Structures are given as structure tokens and as C-alpha cells.
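Here is a brief report on one protein chain. It starts with the whole fold and then moves to selected sites.

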Amino acid sequence: MMIGSPDCDTINRSIDQWIGRIILYYTTGISHREEPTIKGLQSHLFPDKQPITRSSSPNSVVKWFNRFTKEHTNNGRPLSPNTIKSYKVVLNSWKSFEKHTKTRFVLDDLVQEVKNESTSVKKVVQDYHRFLVSGNLNGSPCSDNSVRKYLKILNTFLRWCEEQTGKTYQRKTNIQGEIVAKHTFSLTEDEIKRIQEVELTQGSKLDVVRDMMLVGIYTGLRHSEWMKVRPELWREPSQLITSQKTGKVCLVVHREPLRKVLMKYEKTGFRSSITNIQKVNTQIKEVCKLSGLDREVSKVKSIDGVEHHETFRLYEVISTHTFRRTKITRELNMGRPLREIVLETGQDEEISRKHYDRPNLFEHVQNLGIERVDI
């Protein structure tokens with residue numbers, strides 16, 4: 001026995017109680033001529049953890065959502081892997097919601113009544129909303145941005161269900177505010193220079209990832225678009241690629257720093273290993289740590305209307321999307337019009353303004369000339 005554990009007598013009494021419950025289940029089943037099952041035993045031993053199930057209807061929300069992830073398209077175009085992944089994250093959150101509420105919802109639970117909006121229907125969506133905010137999903141509350149994204153995908157799912165069934169569902173959820181990140185960070189000119197100049201073994205994984213980081217910084221492309229760039233076209237002034245996510249055209253301008261990277265991969269092309277975003281994000285952090293990108297950055301998120309912030313070292317939280325943000329922030333700081341920048345990033349001007357034209361706290365303080373005091 002370990003120090004601090006219950007004594008042997010206490011443990012033996014607990015074991016005897018469990019044995020008694022198991023025997024009771026089997027003897028009761030025999031007396032009622034019911035065949036014992038594993039699920040039946042689980043329900044008997046852990047009644048509080050069993051969901052209140054309804055008939056395994058083909059109209060369950062989970063089954064329809066599974067169909068949605070496989071059959072839904074973006075105006076006839078296949079969905080990107082990242083979009084499908086986002087859909088599955090919301091599906092899993094709904095499964096957790098059902099487990100938490102001990103209810104298996106069917107699609108008709110979300111049908112909107114003709115005369116007036118059903119209070120019970122609205123309550124289902126509101127309860128799901130509160131479940132996300134409460135911290136019951138993954139042990140910590142979802143940020144307001146995440147909640148809005150979850151509810152937006154739920155709305156898309158229910159709109160698709162309307163097309164399939166002809167019924168009207170409760171889609172008008174109360175999503176206050178917009179999906180806008182708060183005070184997120186981008187790289188400075190000095191940090192970009194450090195990434196360029198850090199010494200890495202030629203041809204190593206980190207060397208390749210560093211090159212792709214520079215591609216992201218100078219093009220503003222999403223990670224899913226990197227492999228669409230053709231290095232052999234480096235002699236041309238530019239090239240066009242089509243975003244898999246949005247279907248929009250992105251203009252890749254061959255400025256000198258980008259040309260140097262493209263020339264390096266003219267004959268071999270970019271390595272397929274960079275398609276794994278989890279590994280790439282891990283390797284990006286390694287490159288940035290070696291580059292000395294250790295300044296403190298704050299990540300601010302709003303939870304249930306209240307802003308919270310945490311402080312990290314830059315290399316701990318940098319990701320592929322930081323480069324897209326860096327591209328837009330740098331060029332806005334240079335005075336380039338946003339309407340020109342979005343030609344290269346393949347965004348709508350309005351969306352780019354909402355998501356990227358935002359304050360950078362570090363640069364704000366730096367521009368004020370306030371520096372650290374060393375005594």
C-alpha cells in the first residue's frame with residue numbers, strides 16, 4: 001500500500017460492496033428472467049453516468065451531423081480537410097453536450113414552430129451555448145470566439161438539414177459580437193531577420209520549415225496553400241494559386257526574399273512533409289526558440305463577455321497563422337492599402353479588416369519609445 005492510501009480493511013469493505021452490487025444485478029435479472037448484459041451491468045453500477053437514451057432513431061442529431069460532414073459541399077466544391085476537421089470538433093462537442101445532459105436529441109427537437117418560436121427549442125440551443133461556456137466540454141470554458149464559431153457551424157448544419165428535409169429549424173441563435181481576435185501578435189522586422197539568419201543544418205527538417213516560414217511571411221498564404229506555390233516559376237514576376245478553403249485566387253508576388261526561397265527548391269519542389277500542420281507547428285516553435293524569439297506576448301480572449309489574458313514566450317505560442325497576420329500587419333504599417341494586400345492573401349477586404357487590422361500591443365508600446373529599465 002502507498003502512503004496516504006486507505007487501509008486494507010477499508011478497501012476490502014469497498015470491494016465487498018461492489019461484489020454485492022454485481023451479485024444483486026445478476027440475481028435480480030435471473031428472478032425476472034432477463035438476460036444480463038454488459039450495458040445493463042454498467043447502468044446498474046453507474047446509474048448517474050448513463051444517458052437517458054431515446055430510441056436509436058435515424059433522425060438523431062448525431063447521425064444527421066455525421067451525414068453532414070460527409071455530404072456537405074462548399075457551393076459544389078469539396079470541403080477542405082481543415083473545414084471537415086472543424087465540423088467534427090463541433091460534432092464531438094454536441095456528443096459531449098448530450099452526455100452531459102443525459103439526453104439524446106433528435107432532429108425534430110430543433111424544429112421551429114410555425115406560430116411562434118418554441119421556447120423549448122430555443123432552450124436546447126441556449127443550453128448548448130451555456131455548456132460550451134461553462135467549462136464542461138474540455139475542463140475549461142470556451143472563449144466567446146470559439147462559441148461563435150461552434151454556433152455558426154451548428155447554423156450551417158441546420159441550414160443543410162432544411163434543404164434535405166424541407167423543415168424549418170431553430171437557426172437564429174443569439175450570437176452577440178463578431179469573431180474577432182483580441183490584441184494578437186505578429187512578428188517584427190528584427191524577428192523576421194533573426195529567422196532568416198539563424199544557423200541551421202542545410203537541408204534539415206528545421207531548415208526546410210524555416211524556408212516555409214519565410215514563404216508564409218512574404219505571401220500571407222495559409223498553411224494549406226503553401227504546397228500550391230510552384231518554386232520553378234521563380235523567374236516570373238508573380239504566380240496565381242487558388243485557395244482550397246475559399247476558392248478565391250491569391251496573387252503570389254515574387255519579391256526578392258521570396259525568390260531566394262523559391263530558387264532553392266526549383267528542381268526538387270517543396271517537401272511533402274510540410275503538409276502535416278501539427279508537426280510543422282512544433283518545428284516552427286523550435287526554429288523560433290533557436291532564433292531567440294523569446295519576448296513576452298499576451299494572448300487575450302473573451303469568455304462570457306469578460307476579457308482574460310495570459311503571458312507566454314513568443315516561441316511557445318507561434319503558429320503558421322502568425323505569418324499570415326505578420327504579412328498583413330507589416331504591410332498596413334508600411335502604408336499599403338488593404339485593398340491591395342487582400343489581392344495577395346485572397347480575402348475579402350471586410351473580413352481582413354475584422355480579423356487582421358487590429359492593435360499590436362508590443363508595437364504600440366515600442367512606437368511610444370518606452371523601454372525596459374535595466375538597473
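The accessible surface of the protein comes to about 22500 Å². Carbon and sulfur atoms account for 51% of that surface. The model is predicted.

**Overall make-up**

The secondary structure comprises 15 helices and 4 strands. The protein has 375 residues, and 38% of them are buried. Take the contacts between residues at least 6 apart in sequence: 64% of these join residues at least 24 apart.

**A nonpolar surface patch**

Ile-15, Ile-19 and Ile-23 form a nonpolar patch on the surface. Ile-19 belongs to helix α1, which spans residues 8-31. Its relative accessible area is 41%, so Ile-19 counts as partly exposed, because that class lies between the 20% limit for buried and the 50% limit for exposed.

Strand β1 covers residues 238-242, and its side chains alternate. Gln-239 and Ile-241 point to one face and are buried. Strand β2 covers residues 249-253 and pairs with β1 in the antiparallel sense, over 5 bridges. Which residue of β2 is the bridge partner of Leu-240? The partner is Leu-251. The hairpin has 6 residues between the strands. In this hairpin, Gly-247 takes a positive phi near 80°.

**Buried sites**

| Residue | Relative accessibility | Class |
|---|---|---|
| Thr-156 | 15% | buried |
| Cys-142 | 10% | buried |
| Cys-288 | 0% | buried |

Thr-156 sits in helix α6, residues 144-165. Why does Thr-156 count as buried? Its relative accessibility is 15%, and buried means under 20%. Leaving aside residues up to four places away in sequence, Thr-156 touches Phe-68, His-72 and Tyr-87.

The cysteines raise a separate point. Cys-142 counts as buried because its relative accessibility is 10%. Cys-288 is buried too, at 0%. How many disulfides does a search of the whole structure find? The search finds 0. A disulfide would be a covalent bond between the sulfur atoms of two cysteines.

Key
Residues numbered from 1 in each chain as written. Predicted model: local features only at pLDDT ≥ 70, side-chain atom pairs only at ≥ 80, totals over all residues. Heavy atoms only, no water. Helix = DSSP H or I, 4+ residues; strand = E, 2+ residues; numbered from the N terminus. Buried < 20%, exposed > 50% of the residue type's maximum accessible area, 1.4 Å probe, protein only. Contact = heavy atoms within 4.5 Å. Disulfide = S-S within 2.5 Å. Patch = residues over 30% accessible without salt bridge, like charges linked within 9 Å, V, L, I, M, F, W, Y side chains within 5 Å. Areas by Shrake-Rupley, 256 points an atom, 1.4 Å probe, with all protein chains shown as cover. Salt bridge = Lys/Arg side-chain N within 4 Å of Asp/Glu carboxyl O. Pairing = 2+ DSSP bridges.
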